[in-house]
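Here are my notes on this one, in numbered points. Have the structure open while you read.

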Amino acid sequence: MGQKRSRSSSRWLAEHEADRYVQEARKLGYRSRAVFKLQELQERDRILKPGQVVVDLGAAPGGWSQYARPLLGRKGRLFALDILPMDSLAEVDFICGDFREATVLEALEAEVGSHGVDLVMSDMAPNLIGVDVADQASSIYLCELALDFAVRHLKPGGAFLVKVFQGEGSDAFLRSVRSAFPRVVVRKPKASRPRSREVYVLARNFSPV
């Protein structure tokens, strides 16, 4: 088993090093290849605008925040959160903690305060244990928590962007998003690895009940 895992890890590492998005991220000084997923979504859907208040869930190592913050301008605010530590970024307010824990959620809500949020974006993924059913359930649970946060904190007209792994529970989650937002699309950015089951659900024009 150990030898098999070692071969698999070596193959992943070789593919990672050869990945053109990894190479481009390094060349441009971005913290992760994931930045190109957000960049493609921004170029297509214009979700980031000057003056917005944005929450970045699952932010580490910081690629999305790094790309998004300059687009928000001097009057914008960006609050980032991750269970993993993240090197600081100028004008990004970061909280290190587990989004599933009430105390961490309360700390984020205290930071956001009464600002109201224009965009909640979530690239969260669970720590995988290698059991597909459990990993998928953990992933959908994080999506549901992100949706709940968005519904409670978005301004009227706000938007929600979330990474979803297709599988058990993903269709039901998409129905939940559609019930809360009038405009919902599913995107598969070119920078998503072709064999990955990940897609990005973009929901817009939030209207509080």
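1. Start with overall size: for 209 residues a compact globule would have a radius of gyration near 17 Å, and the chain has 17 Å, so the two agree. That radius is taken over C-alpha atoms, and the globule rule is 2.2 Å times the number of residues to the power 0.38. The C-alpha trace spans about 55 × 40 × 35 Å along its principal axes.

2. Some ground rules. This is a predicted model, where local features need pLDDT of at least 70, side-chain atom pairs count only at pLDDT 80 or more, and totals for chains, interfaces and linings use all residues. Residues are numbered from 1 along each chain as its sequence is written, and side-chain values use heavy atoms, with hydrogens and water left out.

3. On the fold, I get 7 helices and 7 strands, in the order α-α-α-β-α-β-β-α-β-α-β-α-β-β along the sequence. These are DSSP runs numbered from the N terminus: helices are H or I with at least four residues, strands E with at least two. Of the contacts with a separation of 6 or more, 61% are between residues 24 or more positions apart; contact means heavy atoms within 4.5 Å.

4. Burial: 47% of the 209 residues are buried (under 20% relative accessible area; exposed is over 50%, partly exposed in between, with a 1.4 Å probe and protein chains only). The accessible surface comes to about 11300 Å², and 51% of that belongs to carbon and sulfur atoms. Areas are from Shrake-Rupley with a 1.4 Å probe, and for residues only the protein chains shown count as cover.

5. Which residues touch the most other members of the largest nonpolar core? In this 34-residue core they are Val55, Leu57, Leu108, Val120, Phe160, Val177 and Phe181. Elements supplying at least two residues each include β1 (53-57), α5 (102-112) and β5 (154-165), while α6 gives the largest share, 7 residues. A nonpolar core here is a set of buried Ala, Val, Leu, Ile, Met, Phe, Trp, Tyr and Cys residues joined through side-chain atoms within 4.5 Å.

6. Now Arg204, in strand β7. Buried or exposed? Arg204 is buried, because its relative accessible area is 16%, which is under the 20% limit. Beyond four places in sequence, Arg204 touches Asp45, Gly158 and Phe181, among others. Its C-alpha is 6.4 Å from that of Phe160, 44 residues apart along the chain.

7. Ile83, between β2 and β3 (93-96), counts as partly exposed at 42%. With the same exclusion, Ile83 touches Cys96, Gly97, Asp98 and Arg100.

8. Last, the surface: Ile129, Val131 and Val133 make a nonpolar patch of about 320 Å². Patch residues have over 30% relative accessible area and no salt bridge; nonpolar side chains (Val, Leu, Ile, Met, Phe, Trp, Tyr) are joined within 5 Å, like charges within 9 Å. A salt bridge is a side-chain nitrogen of Lys or Arg within 4 Å of a carboxyl oxygen of Asp or Glu. Val133 lies in helix α6 (residues 132-153) and is exposed, at 69% relative accessible area.
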